[in-house]
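Please keep the structure in view while going through them.

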Amino acid sequence: MTIDEAQRELRRAYVGGGPGAVISGLIWAGAAFVGQSHSVAQTFAMLFFGGMLIFPISTLICRVIFRRPRESAQNSLGMTALESTIAMIGGFFAAWLLLPFKPELVLPLAAIAVGTHYFAFKTVYGDRLYWVLATVLTAAGFVQIYLNALPGGVMPAVAVIELLFGAVLIARNLRAA
């Protein structure tokens with residue numbers, strides 16, 4: 001299987017990755033809601049444990065709603081997405097370590113971890129839009145850390161960014177199908 005074939009198969013199987021971005025955006029929105037009345041630690045926990053549901057829920061949506069077949073066992077690019085997720089978890093762990101010392105950095109660092117993990121998705125799906133998504137999310141985390149300039153904070157910003165990019169990815173994939 002060539003890289004182009006593997007990317008095409010993954011775009012088909014996962015609707016261009018759009019459902020995953022939408023589910024992630026919904027989890028960030030839910031965590032932002034939780035953050036209105038709970039501590040950073042509780043908000044971070046909601047974000048972390050909710051994040052564990054992204055792949056199973058988005059896969060279910062791809063199979064049931066979009067009726068997409070699973071990728072073949074010969075497709076090794078799917079492991080690249082998993083590998084970038086492992087790195088993202090490392091970023092979340094580093095953010096968690098700051099909870100007692102710099103809680104205001106925890107959620108922006110989580111946004112940076114999520115953003116940087118999307119860079120590998122350009123390789124997974126063969127879609128440069130993932131570089132844009134990764135850059136915008138990573139920048140949102142940095143803007144919040146250094147300028148504290150995001151209205152409502154980083155969480156609603158990440159939610160809106162992922163929901164918009166997810167919708168675009170789904171629409172582009174459906175048009176291409």
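1. A residue counts as buried when its relative accessible area is under 20%, as exposed when it is over 50%, and as partly exposed in between. This is a predicted model, and with these cut-offs Phe48, which has a relative accessible area of 27%, is partly exposed, whereas Phe49, at 51% relative accessibility, counts as exposed.

2. A pair of aromatic rings is described by the distance of the centres and the angle of the planes. The structure holds 11 aromatic pairs. One of them joins Phe48 and Phe49, whose ring centres are 5.2 Å apart and whose planes meet at 85°, so this pair is edge-to-face, given that angles over 60 degrees count that way.

3. The rings of Phe121 and Tyr130 also pair, with their centres 5.5 Å apart, but here the planes stand at 50° and the pair is therefore tilted. Phe121 and Tyr130 are both buried.

4. Which residues do ring pairs link into a cluster? The cluster consists of Phe44, Phe48, Phe49 and Phe92.

5. A ring can also have a charge over it, as Tyr14 shows: the charged end of Arg63 sits over the ring of Tyr14, at 4.9 Å from the ring centre.

6. On the surface, Met79, Leu82, Ile86 and Ile89 form a nonpolar patch, and together these residues have about 370 Å² of accessible area. Ile89 lies in helix α5, which covers residues 78–97, and because its relative accessibility is 39%, Ile89 counts as partly exposed.

How values were computed. Residues numbered from 1 in each chain as written. Predicted model: local features only at pLDDT ≥ 70, side-chain atom pairs only at ≥ 80, totals over all residues. Heavy atoms only, no water. Phe/Tyr/Trp six-rings, centres within 6.5 Å; stacked < 30°, edge-to-face > 60°. Buried < 20%, exposed > 50% of the residue type's maximum accessible area, 1.4 Å probe, protein only. Lys NZ or Arg CZ within 6 Å of the ring centre and 35° of its normal. Patch = residues over 30% accessible without salt bridge, like charges linked within 9 Å, V, L, I, M, F, W, Y side chains within 5 Å. Areas by Shrake-Rupley, 256 points an atom, 1.4 Å probe, with all protein chains shown as cover. Salt bridge = Lys/Arg side-chain N within 4 Å of Asp/Glu carboxyl O. Helix = DSSP H or I, 4+ residues; strand = E, 2+ residues; numbered from the N terminus.
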